[in-house]
Amino acid sequence: MTGAANAAIAAGFVGNPQPLSASGSGFTYYFNADPQAQAAANSSNDDGVKRFVASPDGAGSGFENDFGALGYVSPIKAPPKPPPQPRDWLAWIDVRGTQFNRSPSANANDLLGSQVDVIAGLTHRFTPDFLVGALGGYEHFDFTSQALGSRLKGDAWTSGAYFGWRLTEHIRFDTTATWSDVSAGGFADAAVGNFTGQRWLVASGLTGTYGWQSLEFQPSAQVYALWEHDNAFVDSLGTPQDSNDFSTGRASGGLKVTRPWAWSSTVNLGPYVGVYGDYYFSRENTGSVGLTTVPLLQGWSARVTGGLLMAFKSGATVNVSAEFGGLGSNTQIWTYIARGSVPF
């Protein structure tokens, strides 16, 4: 949800995003985008590198989306087309899918499942540096645990709003707030039950992008917070199950550094590394910290990330990255991402 909103805010400031772009574990489509946006972004290779370093607010968040604007020298130069005018209204839809696989160990239960999110929204840019938007979405989730003999699946409908404020040329502030109506059901051993709930999600961040020599520095500070209330119900065995309230979140700050360069006449490369400090917090209504079935990060920890983005002359991009979180805590999490996009 927050990733879709962040992409919408960045695209709103640009005003002329590509109609279709990769967005992490899925894609984003802008209904009233300018089909010539990609062509207008393609100029000489040197100009592309300079624009990448100097203009952080591309049609996405940070390096991954800005790098897509790099162009290449054409042996036959056509007369330049007038740049498309920025749009004050932008409609979009974002589709994402996530797969979880947590193998059982001596100290932890297994977790296997997936979640699919479809989110749509409308952005209005009041000024070149201030915009607001509304969004709505649907999610479907399905998780199982053989160790617990259980399964949980359900759906949720979400509505919310977001706004972005470009404080200076290099600093952006944004906030997103959503409310979800959750309907879930499942079983644990012989007991079967269904329940409903409500969820609040708030995210806010401050991101800067600065160029120095051939490097791009992106410091950031972000916080995510989620509160959910699950209503009481009676399972199939006639056992009353109390309502449940829990919250979880993360506050983080750190720095990412990117070094883009032209590898050849047809390929541009951009390796990047990042280091972040995180504070995780979670609580249930029982007063215990963390969830009992799946341990969550709690307290202070560190996180490092690194990756490589490749942009090809055809306009296609490939991005591979890895992240290792939970340094200094009792729970470590590896995250691997490989994604690509092909214009058509």
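Q: Which strand gives the most to the lining of the second largest cavity?
A: A cavity is a set of points on a 1 Å grid over the protein atoms alone where a 1.4 Å probe fits but cannot get out, and lining residues have an atom within 4 Å of a point. Strands are DSSP runs of E with at least two residues, and helices are runs of H or I with at least four, both numbered from the N terminus. Here strand 4 gives the most, with 3 residues. This is a predicted model, where local features need pLDDT of at least 70 and side-chain atom pairs pLDDT 80 or more, while totals for chains, interfaces and linings use all residues. Residues are numbered from 1 along each chain as its sequence is written, and side-chain values use heavy atoms, without hydrogens and water.

Q: What residues line the second largest cavity?
A: Its lining is made up of G12, R87, D88, W89, L90, T123, H124 and R125. Strand 3 (89–102) and strand 4 (111–127) each give two or more of them.

Q: How do the residues of that lining divide by class?
A: Ala, Val, Leu, Ile, Met, Phe, Trp, Tyr, Cys and Pro count as nonpolar, Asp, Glu, Lys and Arg as charged, and the others, Gly among them, as polar. This lining has 2 nonpolar, 3 polar and 3 charged residues.

Q: What lines the largest cavity?
A: Residues including T2, N6, D174 and Y224 do.

Conventions: On a 1 Å grid over the protein atoms alone, a cavity is a set of points where a 1.4 Å probe fits but cannot get out, and a pocket is an open set with protein on both sides within 12 Å along at least five of seven lines; lining residues have an atom within 4 Å of a point.
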